[in-house]
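Please read them with the structure open beside you.

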Amino acid sequence: YFLLARRAFHSTLAGFVAGLLTALHPFWIVNTGELNDGVLVSFLVALSLLFGTRGMQQGGAFIGLLLGFTLAAMVLVRAALVPFAIIALLAFLWQCRRLPTGWLVGFLALFGFVNGVGLWSLRNYQAFERPIPIADSTYLHLWMGNNTLANGAEMPEGDL
């Protein structure tokens, strides 16, 4: 987040403040101790923001491809981030029109996203007969949030 803020605002002070606030955020301090899909998604969101910012400012075919793959990985880990990924990709494609070889950068970003999501979704559909993300704990979290009997502990076998 330091690098993203520094690059986006062209200020070391903005980067320092963003890095400091990120480092002191209590949920992230506790959550990094448990390497799960939340930590991975936080990393992928930051990486996609960094690649998107750099690609919009300077271009570069490799950066576009990395952005597409990063957005695809983020969608595969948390399906709830599909709207974010689509909006980020559309914003990136819109900004690519200003670059000299923007059509190539935009095409490679779209290519990376479609290939990453498409191939893995096809694999999941063949294996499980339905498209599912890599980590499908979202439904469990939604159920626990809407269940009045949920108290954070494990449920007895008979209550399932």
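1. I begin with a pair of packed helices: H5 passes H7 in a right-handed crossing, where a crossing is called right-handed if the near helix is turned clockwise from the far one by less than a right angle, and left-handed if anticlockwise. The axes of H5 (residues 61–77) and H7 (residues 102–128) come within 7 Å and cross at roughly 30°, which makes H5 roughly parallel to H7. Angles under 35 degrees count as roughly parallel, over 145 as roughly antiparallel, 65 to 115 as roughly perpendicular and the rest as oblique. The axes are lines fitted to C-alpha atoms, for helices over the stretch in contact, and the angles run from 0 to 180 degrees between N-to-C directions.

2. On the H5 side, this contact (heavy atoms within 4.5 Å) is made by residues including Gly 64, Gly 68, Phe 69, Ala 72 and Val 75. On the H7 side, the residues include Leu 108, Phe 111, Gly 112, Gly 116 and Trp 120. By class, the contact of H5 with H7 has 15 nonpolar, four polar and no charged residues. Here Ala, Val, Leu, Ile, Met, Phe, Trp, Tyr, Cys and Pro count as nonpolar, Asp, Glu, Lys and Arg as charged, and the others, Gly among them, as polar.

3. A word on the basis of these values: the model is predicted, so local features need pLDDT of at least 70 and side-chain atom pairs count only at pLDDT 80 or more, whereas totals for chains, interfaces and linings use all residues. Residues are numbered from 1 along each chain as its sequence is written, and side-chain values use heavy atoms, with hydrogens and water left out.

4. For the overall picture, the protein chain contains eight helices and zero strands, and its pattern along the sequence is α-α-α-α-α-α-α-α. Helices (H or I, at least four residues) and strands (E, at least two) are DSSP runs, numbered from the N terminus. Of the 160 residues in the protein chain, 29% count as buried, that is, under 20% relative accessible area, with exposed meaning over 50% and partly exposed in between (1.4 Å probe, protein chains only). Among contacts in the protein chain with a separation of 6 or more, 60% come from residues 24 or more positions apart.

5. Helix H7 also packs against H6: their axes come within 9 Å and cross at roughly 160°, which makes H6 roughly antiparallel to H7. The crossing of H6 and H7 is left-handed. The residues making this contact are Ala 85, Leu 89, Phe 92 and Leu 93 of H6, together with Val 105, Gly 106, Ala 109, Leu 110 and Phe 113 of H7. They divide into eight nonpolar, one polar and no charged.

6. Ile 86 lies in helix H6 (residues 82–95) and, at 40% relative accessibility, counts as partly exposed.

7. Which rings make up the one aromatic pair in the structure? They belong to Phe 107 and Phe 111, whose centres are 6.1 Å apart and whose planes lie at 25°, so the pair is stacked. Rings of Phe, Tyr and Trp (its six-membered ring) pair if their centres lie within 6.5 Å, and planes under 30 degrees apart count as stacked, over 60 as edge-to-face and the rest as tilted. Both residues lie in helix H7, four residues apart, about one turn of the helix. Phe 107 counts as partly exposed at 48% relative accessibility, and Phe 111 counts as partly exposed at 41%.

8. Phe 2, Ala 5, Arg 6 and Phe 9 of H1 meet Thr 12, Ala 14, Gly 15, Phe 16, Ala 18 and Gly 19 of H2, a contact with six nonpolar, three polar and one charged residues.

9. Two single residues complete the note. Leu 13, in helix H2, is exposed, with a relative accessible area of 60%. Thr 53, by contrast, is buried at 17%; Thr 53 lies in helix H4 (residues 37–58) and touches Leu 4, Arg 7 and Ala 8, not counting residues up to four places away in sequence.
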